Amino acid sequence: MDLNAQPQSISKQQIVVVGNGMVGHHFVEQLSQYEDYQITVLSAEPRLAYDRVHLSEYFSGKTESDLALITAEQYQTLGVNFHLDAKVSHIDKRAKTVTTEQGQSYSYDKLILATGSYPFVPPIPGKERPHCLVYRTIDDLEQIKASAAQGTVGVVVGGGLLGLEAANALKELGLETHVVEFAPQLMGVQLDSTGGQLLKRKIEALGVTVHTEKATQQIVDGKQCVHRMEFADGSYLETDLILFSAGIRPYDNLAREFDLTVGERGGIVINNQCQTSEQDIYAIGECALWNNFIFGLVAPGYSMAKVAAAHIHGESDSFTGADMSTKLKLMGVEVGSIGDAHAKTPGAQCFTYQNDRDLIYKKIVVSQDGKNLLGAVLVGDTSEYDSLLQYALNGIELPEDPDALILPSSGEKPSLGVDALPDSATICSCLNVTKGDIINAIDNGDTDLAEIKASTKASSGCGGCAALLKTVADSEFAKRGLEVKKDICSHFAYSRTELFHIIKAEKIRNFDTLIEKHGQGIGCEICKPAVASILASIWNDYILQSDHLPLQDTNDVYLGNMQKDGTYSIVPRMPGGEITPDKLIVIGEVAKAYNLYTKITGGQRIDLFGARVDQLPDIWEKLIAAGMETGHAYGKSLRTVKSCVGSTWCRYGVQDSMSMAIFLENRYKGLRTPHKVKFAVSGCTRECAEAQSKDIGVIATENGWNLYVSGNGGMKPRHADLFATDLDDTTLVKYIDRYLMFYVRMADRLQRTSVWLESLEGGLEYAQKVVIDDHLGINDELEKQMAAVVDSYQCEWKTTIESPEQLKRFRQFVNSEKSDPSIQFVNEREQIRPATITEKAAAGLLIDTVTISDSQQVTEVNPA
Amino acid sequence: MSTAKNWQTICHKQDLVKNSGVCALLQEQQLAIFLTSDDQVYSITNWDPAGKANVLYRGIIGDSEGEIFVASPLYKERFSLTTGKCLDDEQLSVISYQTRIQDNQVQVFF
């Protein structure tokens, strides 16, 4: 590997993804974890992927960026090319290219069609009139908003799941809202007729009028409103706005036009690997027809995306259908539907519970032998949904009186303990996480829910399984006798790891937001620097911007190490300990000009001591002008990478340890970590750099590098552990990226890598599984996060001296140009050292004469 | 100190940094002056009696059971900004001064 250049590969497979909806984006996420592909995304919409499941929240205050699943910068970081407003109009299967309406062509090795679906608009005369809209994209929502502003009445055509969502949106916009459904009931796919009737009553109680068994004949001019909808039974309804939500149709026109097999009623036919009739073209999501079925939910689309990505990468995985059970809240009404809701299975027996006072309806469908749950309908109360779903999905044998499962809990209710669930039980169906996965995560060291969520990704999709996940996790923790409480301080009831996950998940960028949402009080010297460090690890903003400044320990505030007399020391970075004579001369000149004490540090750097606060900017200006930058010697961050000269000069060196040390130091400089971190690289096993006593140690071998981790230990010295052997340059760097970022994520406040590794359940072996075998499937994310930090590096001193506002802080006194007279030095061995207390007292320089009685005197005075 | 105490104007409010401190020189005494996010100003002596250096203005502000304090940047002893008492060591304390903002000027009763 050329250590001075980014590795470039010219032979990457070209992957073109048509469509950037939730499923198309999920595919990109899945595939971009491998480096062997150049992914190009073509989106017909003017924006990148966003969360369509929560689209209606756009009307209750969520913004476009809240709904966004990805940003342009993130795609850039992932190395994904993308083009917006790029609708594909042509596929050339022989030449393997696609062309957009604008005429841009892209060649592919593999083509992914993730074009999704479009809303079906029934062929009603008048459907083209203005203010007749559909509910599908953010652009649609914008139109609906604009249209609603001009009217007072709105109608949704279609009483299915999406139609009711749309009705909710109209209601949110303040319109008098109606739902018009052709069938005799609402949500005919998921609910039986009693459930549908009850849902109707509940929704009407909320002020939405529901019209069932209405076939719209035509839409004409209205008398009071813009439109009049005329129905087949002779009645009519006037409205200003009509939203069609009568089902979806797959966007399969490209497949039709360019000769891929499509189903009789539409949909691109795919096999279990999501390949279309053309083996290099895949289709996933709502445009795809599997086993004659279109899946109109996001979870099956995600599964397809995963299968397609795995197949392209040469792994065997197959799509075998998906459970279409749903639980949702429509306008505050809880609705759940599981499996065979309509009891179509021969011999099925039904048990129902109906409560007309509270408008609750529950039905379970049980197999002929009474042993298995086939389906369920829940309206008004879905509290049993999770356990019913587990009975259905896992074939768990039902209790003797299964109706007890849905009866109100007046008597003994046979609750399905999570212990009864088999390890194969799916807990999170969006991300396909089983109970076994969760147990594994706990066995491998996760000590709380946040960690389990992070490592298994459970509950990071729709979030519907959050309660069940917690129950499973709590039960497993209890079994192990675990009650792990690691609150960072009295201001936050969270550990550092938990705060890390909160900040990352909620994209929190400053302390005030965090403490307002998740803490109490104003913070303290414990939580503030810890949060500052987490924010820096994740976002890598300039640490002295005004909202971060008050959080930093003094070393970070003044970008130097405070010494016992209140002065600071200065350490320019010298990657690998290498320095040119010219720079060395400048350091000498600066030290001489400001009369600084000069010493070589333990990490092969030059430390200049005795600078007063007000001298710091001038000194740094000179060092920066000579081409140097901050050594971060003050931060909880990477300090130094010590090295020997390696094969370049040394008779025994077997690898170029100097280049590697410089590369590593430049790569990780500026990375904020829970504790300071030091590296070393030795060019042979003679170990002149003492790498085995460092947080990260690298020792050259004949065949590459041996990687050692978590040495040092500070007060309790620790020999590093051998982590992996004979690595090539690229793998070495990759493992260090992952190991360090894993530590940054998981470690406690001020926990060294040594203590962290020892406290990690499963220890070294577990860390190896995670970093080398990608046991948690998070390596891709760890690497990306490291890449983001590497890419956003800045020399904090350079930024600081360029800002007049920042320079103001370095004045000793806010109201005087004087300097602190209590800072005094004496000479020793031809250099300065701080004067001792006795020496200062002798010189009459101490102000340490304050007594408690003085203090009381002053505070008793009340001039107001 | 025999002279009568009075309100002394130190600096403009904008010279302070929110949620952190600055240092002022008043009759050869060093004062650490803090501005909190609710726009309250506090002054204590800048001398850290534990670390024996003029550094308190460079500490982090926090609260402990409602008591607002600064933690010394040297060895982290916490001093109440209202009473000057050290929250970690009864033996230690600093002087706290009445402080106010008047027409955007920071004033200390000194």
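Reply: Rings of Phe, Tyr and Trp (its six-membered ring) pair if their centres lie within 6.5 Å; planes under 30 degrees apart count as stacked, over 60 as edge-to-face and the rest as tilted. By this criterion there are 20 aromatic pairs over all chains. This is a predicted model, in which local features need pLDDT of at least 70 and side-chain atom pairs count only at pLDDT 80 or more, while totals for chains, interfaces and linings use all residues. Residues are numbered from 1 along each chain as its sequence is written, chains are lettered from A in the order in which they are written, and side-chain values use heavy atoms, with hydrogens and water left out.

Me: What makes the pair of Tyr34(A) and Tyr37(A) edge-to-face?

Reply: The ring centres of Tyr34(A) and Tyr37(A) are 6.4 Å apart, with 75 degrees between the planes. The distance is within 6.5 Å and the angle is over 60 degrees, so the pair counts as edge-to-face. Both tyrosines are buried (under 20% relative accessible area, where exposed is over 50% and partly exposed in between; 1.4 Å probe, protein chains only).

Me: Why is the pair of Trp797(A) and Phe810(A) called tilted?

Reply: The centres of these rings lie 5.5 Å apart and the planes are at 40 degrees, so the pair is neither stacked nor edge-to-face but tilted. Trp797(A) and Phe810(A) are both buried. Ring pairs also join these two with Tyr558(A), Tyr568(A) and Trp620(A) in a cluster.

Me: Why does Cys287(A) count as buried?

Reply: Its relative accessibility is 0%, so Cys287(A) falls under the 20% limit. Cys527(A) is likewise buried, at 0%.

Me: What makes Arg249(A) a charge over the ring of Phe120(A)?

Reply: The rule asks for NZ of Lys or CZ of Arg within 6 Å of the ring centre and within 35 degrees of the ring normal. The charged end of Arg249(A) sits over the Phe120(A) ring, 3.9 Å from its centre. In chain B, the charged end of Arg100(B) sits over the ring of Trp7(B), 3.9 Å from the centre.
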